[in-house]
Amino acid sequence: MTERRFDATAAEVRRALDGVYETLPADGALWRCRAGPYRTPVELRLEDGPVVVARASIVPAPELTGGLARAILFEHDSLIFGRFVHADGAIQVEQGIVGGHTMDDVEVRLAVWGIGWAAGAYRQRWERHLEGGAVLGGDPVAGVAPRRGAEDRVASTQARVERFLREHYGSFAFDEAWGYHGAFGSTRVFVSVRHALETTTVVLIASPVLSGVTLADELALDAVGVVAARPFGRFAFSADRGELWAEHAIVGDDLDPEELIAAIDAVAALGDGEDERLQQAYGGKRYADLTGG
């Protein structure tokens with residue numbers, strides 16, 4: 001069964017991308033192409049699960065220092081889709097997609113385009129980080145301007161998300177400022193729909209991990225290391241609020257319940273599974289401490 005799922009997923013990836021973007025030699029990957037406004041080389045690999053990972057290199061970085069780890073968590077606060085990682089001697093940006101029957105052509109194409117855009121849009125910032133000149137603050141990288149109909153697309157995806165949440169969990173509440181939210185152990189998971197990538201919607205799943213914490217090198221390196229072993233999820237740090245969040249975003253177009261549930265479970269496992277350990281090591285307050293839960 002697993003082998004058939006891998007074969008079917010690989011075939012679907014090739015079918016989704018053939019003729020869409022400029023194809024490059026595979027060089028051991030499942031597929032390579034140039035995508036996005038910066039014509040960034042993006043590769044796709046099939047990993048255990050199966051999980052399809054779209055990945056692009058941004059800048060060489062021989063060593064993951066504490067400063068670079070802090071930059072990864074800080075830059076995630078403005079990056080809606082994907083995550084930054086240090087791998088193969090470089091800062092890279094990647095997005096994991098659940099393979100199998102839930103994956104469709106649109107999801108694959110949008111993931112490739114989004115990763116290609118992020119690699120180009122954030123390249124100068126990462127070059128400054130590596131030169132030691134970037135400060136963890138200031139204006140974030142501007143997102144992609146929406147095309148006509150963005151509000152309608154968001155509303156359509158939000159209606160689908162609400163239905164899936166009601167059918168599977170039943171206990172998610174809605175707040176105008178925070179979106180949908182439900183309790184998971186010592187934390188809470190928030191689900192919101194946003195516009196992204198010109199004509200696309202993204203569902204952002206986020207869970208507060210620590211509040212009132214200082215982003216020291218040790219905490220940043222720990223958080224980046226935890227995520228490196230997982231196919232989904234990332235930590236993001238808000239410098240203004242001193243908050244560490246666990247997050248993962250998925251394409252909202254043609255969203256199905258299995259994708260949404262997998263993303264929520266991944267974020268809940270990351271937030272609820274790591275908040276107590278991280279608090280004991282680095283201080284701050286968990287969500288449960290702030291709410292008395």
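## Helix packing and selected residues in a predicted model

Leaving aside its neighbours within four places in sequence, Asp 105 is in contact (heavy atoms within 4.5 Å) with Glu 12 and Ala 16. The model is predicted, so that local features need pLDDT of at least 70 and side-chain atom pairs count only at pLDDT 80 or more, whereas totals for chains, interfaces and linings use all residues. Residues are numbered from 1 along each chain as its sequence is written, and side-chain values use heavy atoms, with hydrogens and water left out.

Asp 105 belongs to helix α3 (residues 105-121), where helices (H or I, at least four residues) and strands (E, at least two) are DSSP runs numbered from the N terminus. With a relative accessible area of 22%, Asp 105 is partly exposed; buried means under 20% relative accessible area, exposed over 50%, and partly exposed in between, with a 1.4 Å probe and protein chains only. The C-alpha atoms of Asp 105 and Arg 14 are separated by 9.4 Å, and these residues stand 91 residues apart along the chain.

### Helix α6 and its surroundings

Helix α6 (residues 217-228) has twelve residues and reaches 16 Å from its first C-alpha to its last, close to the 16 Å expected at 1.5 Å a residue, the expected span being 1.5 Å times one less than the number of residues. The buried residues in α6 are Leu 219, Ala 220, Asp 222, Ala 223, Val 224, Val 226 and Val 227. Their cover includes α2 (66-75), β5 (83-87), β11 (234-238), β12 (243-251) and α7 (257-282).

### Helix pairs

Two packed helices are described by the angle between their axes and the distance between the axes. Here axes are lines fitted to C-alpha atoms, for helices over the stretch in contact, and angles run from 0 to 180 degrees between N-to-C directions.

| Helix pair | Angle | Axis distance |
|---|---|---|
| α6 and α7 | about 155° | 12 Å apart |
| α5 and α7 | roughly 70° | within 10 Å |
| α2 and α4 | roughly 150° | within 10 Å |

Angles under 35 degrees count as roughly parallel, over 145 as roughly antiparallel, 65 to 115 as roughly perpendicular and the rest as oblique. The angle of about 155° between α6 and α7 therefore makes α6 roughly antiparallel to α7. The crossing of α6 and α7 is right-handed; a crossing is left-handed if the near helix is turned anticlockwise from the far one by less than a right angle, and right-handed if clockwise. On the α6 side the contact is made by Glu 218, Leu 219, Asp 222, Val 226 and Val 227, and on the α7 side by Leu 270, Glu 274, Arg 277, Leu 278 and Tyr 282. These residues divide into six nonpolar, no polar and four charged, where Ala, Val, Leu, Ile, Met, Phe, Trp, Tyr, Cys and Pro count as nonpolar, Asp, Glu, Lys and Arg as charged, and the others, Gly among them, as polar.

For helix α5 (residues 150-168) and α7, the axes cross at roughly 70°, which means that α5 is roughly perpendicular to α7. In this pair Val 161, Phe 164, Leu 165 and His 168 of α5 make the contact with Pro 257, Leu 260, Ile 261 and Ile 264 of α7, a set that divides into seven nonpolar, one polar and no charged.

For α2 and helix α4 (residues 123-131), the axes cross at roughly 150°, so α2 is roughly antiparallel to α4, and their crossing is right-handed. Leu 68, Ala 71, Ile 72, Phe 74 and Glu 75 in α2 meet Arg 125, Trp 126, His 129 and Leu 130 in α4, and the residues of this contact divide into six nonpolar, one polar and two charged.

### Two buried residues

Thr 200 lies in strand β10 (residues 200-211) and is buried, with a relative accessible area of 0%. Not counting residues up to four places away in sequence, Thr 200 touches Leu 110, Arg 153, Arg 194, His 195, Val 251 and Asp 253.

Asp 275, in helix α7, is buried with a relative accessible area of 1%. With residues up to four places away in sequence not counted, Asp 275 touches Ser 186, Thr 187, Val 209, Leu 210 and Arg 286.

### Backbone geometry

Most residues other than glycine have a negative phi, and most peptide bonds are trans. Asp 27, in the loop between β1 (22-24) and β2 (31-35), has a positive phi of about 50° although it is not a glycine, and at 62% relative accessibility Asp 27 counts as exposed. Asp 254, in the loop between β12 and α7, has a positive phi near 55° and counts as partly exposed at 46% relative accessibility. A cis peptide bond with omega of about -5° joins Gly 49 and Pro 50, and Pro 50 is placed in the loop between β3 (40-47) and β4 (51-60).
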